[in-house]
Amino acid sequence: MTNTVAQAIEQAIAALQSATRIVAFSGAGISTDAGIPDFRSRGGLWEDDRLMELMSARGFRHDPAGFYQASLQLMPNLHRAQPTAAHQLLARLETQGKLTAVITQNIDGLHQAAGSRAVYEIHGSFRTGHCLDCRASYQMAAFYEQIERGEIRLPRCARCNAPIKPDVVLFGDLLPFAVWESAVNAVEQCDLLLVTGSSLVVYPAAELPNLALKHGARLVIVNREPTDYDRLAHVVAPGELSDFGRLALTKL
Ligand code: NAD
Ligand code: ZN
C-alpha cells in the first residue's frame, strides 16, 4: 500500500469518526469479497448481452426459467454469501447511532444479514419473492438450491402453481417509489455520504452524491476503481473494501 493510499484511508476513517449522521450508499463492490461478482469490473459478466437480456423484466416475461438460470450464473453464491467486514462496519456505525441509513443497489440481503436495520433496497431483493398470480410471498433460498441441483427449472406457487418472481427491480422495471423517496430524504439530512463499491453510473442512484453535496454533506468514496465523482469527493480511498472495513472496525 502506498503512503498516499494509507493516508486516504486514515482520512476516510477520521471523517467517519467526526460525522454524526452518516448515510452509506453501497453497490455490488461491497459484496465481491463475499463471493458475489459485480457486473462492471474487468472480467465481470456485464458484456454478456444474452445473460443481461435474460435477467431483464422482458426476459422474465418471455422465459422465466432462463431468467433464473442467468441470475444464478451472474450472481453465484447469492443465497449462501456471508456479510464482509465492510457490511459489519456499516451495521456497527448504525448501532453507535452515527449512521441513519444504508441505501443499496444490491439485491443480496447482506446488509440485513450483518445487522443493519435501516436499509433501503432501491433495486429490491433476491431473497424474497411473490407469486405472480395470487401474490403469496416466499423465501427464495430453497428454490435457488433446487434449481442448482437441477430439481426444478422454475419456482412455482404452492397454492396456485403460477411462477414466482423475486422481489427485484429489473432492467425495464420502475424503481419502488416509496423506498426511493426515503433514500432521498435520508441523503438530504446526512452530514456525510459514504459511497462503497459502486461505479456510480446507474441512474438515478448515481444522483445521490450530487444531492448530498447540494445539502452540505461531505462525500467519502471507498472503491477499487476511480469514479466520475472522485473530483467532487472530500476523501477518495482506493482499494479493497474488506481491508477498509477490517481496519475501520478496529478504530470505530
Ligand atoms: P458496479 O458493478 O457498477 O460497480 C461495482 C464497483 O465496485 C466497481 O467500481 C468496482 O471497481 C468496485 N469494486 C468491486 N469489488 C470491490 C472491492 N472488493 N473493493 C472495493 N471496490 C470494489 O456495481 P453497481 O454500481 O452496484 O451496479 C450493478 C447493478 O447490478 C446494481 O444495480 C445491482 O442491482 C446489481 N448487482 C447486485 C449485486 C449484489 O447484490 N451483490 C451483484 C451484482 C450486480
Ligand atoms: Zn399463487
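**Entry 1: the sheet**

I looked up the strand order and found an open sheet of 3 strands, β5-β4-β6, with antiparallel pairing. I keep in mind that this model is predicted. Next I checked the edges. They are β5 (137-139) and β6 (164-168), and each of these pairs on one side only. From one strand to the next, the twist averages 40 degrees.

I reminded myself how pairing works: strands of a sheet pair through backbone hydrogen bonds, either parallel or antiparallel.

Then I followed one pair. Strand β4, residues 124-131, runs antiparallel to β6, and 5 bridges join the two. I picked out one position: glycine 124 has valine 168 of β6 opposite.

**Entry 2: helices on the sheet**

I turned to the helices. Helix α4 (residues 64-74) lies across β4 and β6, at about 45 degrees to β6. Helix α7 (residues 141-148) also packs on the sheet, and I see it touching β4, β5 and β6. The direction of α7 makes about 65 degrees with that of β5.

**Entry 3: the zinc ion**

Which protein atoms hold the place of donors to the zinc ion (ligand 2)? I found the SG atoms of Cys131, Cys134, Cys157 and Cys160, lying 2.2 to 2.4 Å from the ion. Along the chain, these donors follow the spacing C-x2-C-x22-C-x2-C.

I checked the geometry. The 4 donor atoms subtend angles of 97 to 123 degrees at the zinc ion, so the arrangement is tetrahedral. The ideal angle for four tetrahedral donors is 109.5 degrees.

Cysteine 160 is at 33% relative accessibility, so I noted it as partly exposed.

Note on methods. Residues are numbered from 1 along each chain as its sequence is written. Chains are lettered from A and ligands numbered from 1 in the order in which they are written. This is a predicted model: local features need pLDDT of at least 70, side-chain atom pairs count only at pLDDT 80 or more; totals for chains, interfaces and linings use all residues. Side-chain values use heavy atoms; hydrogens and water are left out. Donors are N, O and S atoms within 2.8 Å of the metal (3.2 Å for Na, K and Ca); water is not among the atoms, so sites may look incomplete. Four donors count as tetrahedral if all angles lie between 85 and 135 degrees; four count as square planar and six as octahedral if opposite donors are over 155 degrees apart and all others between 65 and 115; anything else is irregular. Buried means under 20% relative accessible area, exposed over 50%, partly exposed in between (1.4 Å probe, protein chains only). Two strands pair if DSSP finds at least two bridges between them. Helices (H or I, at least four residues) and strands (E, at least two) are DSSP runs, numbered from the N terminus. Axes are lines fitted to C-alpha atoms, for helices over the stretch in contact, and angles run from 0 to 180 degrees between N-to-C directions. Contact means heavy atoms within 4.5 Å.
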